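Good morning, colleagues. Please take a moment to look at the sequence and the model.

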Amino acid sequence: MYDGGGERNALQTSKIAKKMGFDVTIFGSGCEYERNNHIAVNEVNYVKNAFKFDIFGKKSILRLTHSKSTGLIGLFRFRRIYNIVKGYDYYYFQNPNFLFRNFSMYARKSSFTHHIILANHGSYFEILGQRNNPAYRLVLRFLNRLIFKSIDRSITVQVQNSFQYDFYRKMGFNNIHLIPQSSVNFDDFRVEESRGFNVVFLNKLTKNKGSKLLMKILKDSDEDIKFHIVGLDTKRYAKKIKKNNVIFYGQVSEEEKRNILAKSDVMINCSEYESLSISSIEGLASGLPIISTRTSGLVYIRDVMGENVIIIDRNAKDFLTEINRLRKLKEKDPMEYLMLRKKIKEKASLYFDVRIIEEAMKSMIGSMKLEREEVLFQ
């Protein structure tokens with residue numbers, strides 16, 4: 001488990017299972033970005049650095065690989081890992097990695113019934129499968145065969161978007177639940193009037209989150225459009241953009257983030273890949289239209305939300321064209337634009353509010369619990 005969307009998903013799922021009467025244990029990877037203050041020790045058991053004996057679970061390796069080596073934990077030291085985790089009835093894996101693959105193969109040979117949920121927070125097959133590069137396709141075929149060849153197709157799979165759903169359906173899995181794991185409580189977010197026209201970017205500023213594209217958008221932007229750049233690593237980019245209409249906040253508190261979103265008029269997302277995008281859902285909870293590059297997560301959100309999520313090419317000119325189109329809509333009738341934002345928030349809450357997601361998760365876990373009880377009492 002690590003800081004970010006994956007950590008939020010693990011904690012959210014753990015709390016839901018706890019409410020359903022399960023005794024829950026989270027196994028931490030020992031990743032350098034752990035946020036211990038997020039662990040509610042009174043609600044779940046937390047085993048920190050559970051796999052530090054594994055070469056890929058060591059902090060030095062995790063730091064060197066920017067935490068990507070979490071996906072390789074269990075590749076060589078799995079027998080010891082299996083002995084640590086084998087005493088549980090239900091298992092929730094964040095991704096189809098080697099830990100999942102090896103455990104599933106062991107579990108299939110075991111006489112004890114293990115119930116497995118395979119979740120998909122940023123799956124490798126999305127990242128590789130959406131790039132038009134023969135080398136990526138070759139690696140994708142190799143990994144798919146390596147990980148899924150001997151996996152029981154009847155296990156429960158939780159997917160975040162339609163791309164993932166189609167992948168597992170084609171792979172022959174038949175128990176697939178499309179549950180976009182949002183932890184966003186829409187009641188915490190507001191829609192407010194604002195002066196001028198305000199564009200917000202809410203994300204880490206890294207290559208895969210579109211740092212290069214964002215810099216181009218900011219450099220070419222009109223001075224009368226104000227840009228609010230919020231998130232980890234954003235402040236270090238302030239030296240590259242010296243414009244009065246661009247504000248770099250860095251990482252802010254939850255309250256300040258909601259205040260910025262409430263008074264914005266549109267959100268932009270420049271990511272290269274997103275399985276869902278919690279930041280975009282927070283934008284929708286604030287009634288913001290979304291302008292985004294094409295990723296599996298944003299395409300799914302667009303399919304749900306319709307024309308209020310605009311998918312465009314990775315081109316700064318196209319982003320600025322759409323931003324200016326929305327600016328003209330607001331300038332023409334500010335109150336009508338405010339009503340549009342309220343409608344966006346209302347519609348999005350029907351699909352992505354945390355209460356909707358929790359009910360879907362309870363239903364998925366509950367159906368597995370019922371199946372287990374039927375087996376026990378036969």
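A residue is called buried here when its relative accessible area is under 20%. Please also bear in mind that this is a predicted model.

With that term in hand, let us consider strand β3.

Where does β3 belong? The strand is part of an open sheet of 4 strands, ordered β3-β4-β5-β6 and paired in parallel. Because β3 (90-93) and β6 (176-178) stand at the edges with a single partner strand each, one side of each is left without a neighbour in the sheet. On average, neighbouring strands of this sheet are turned by 20° against each other, direction ignored.

Now to the pairings. Between β3 and β4 there are 4 bridges, and Tyr 91 stands opposite Ile 116 in β4. Strand β4 (residues 115-118) is joined by 2 bridges to the parallel strand β5 (residues 156-159), where Val 157 faces Leu 118.

Helix α7, residues 162-170, lies across β4, β5 and β6, and runs at about 175° to β6.

Finally, I turn to Asn 198, which is found in strand β7 (residues 197-202). Is Asn 198 buried or exposed? Its relative accessibility is 7%, so Asn 198 counts as buried. Beyond its neighbours within four places in sequence, Asn 198 is in contact with Lys 226, His 228, Lys 263, Ser 264, Asp 265 and Val 266.

Technical notes
Residues numbered from 1 in each chain as written. Predicted model: local features only at pLDDT ≥ 70, side-chain atom pairs only at ≥ 80, totals over all residues. Heavy atoms only, no water. Pairing = 2+ DSSP bridges. Axes fitted to C-alpha atoms, helices over the stretch in contact; angles between N-to-C directions. Contact = heavy atoms within 4.5 Å. Buried < 20%, exposed > 50% of the residue type's maximum accessible area, 1.4 Å probe, protein only.
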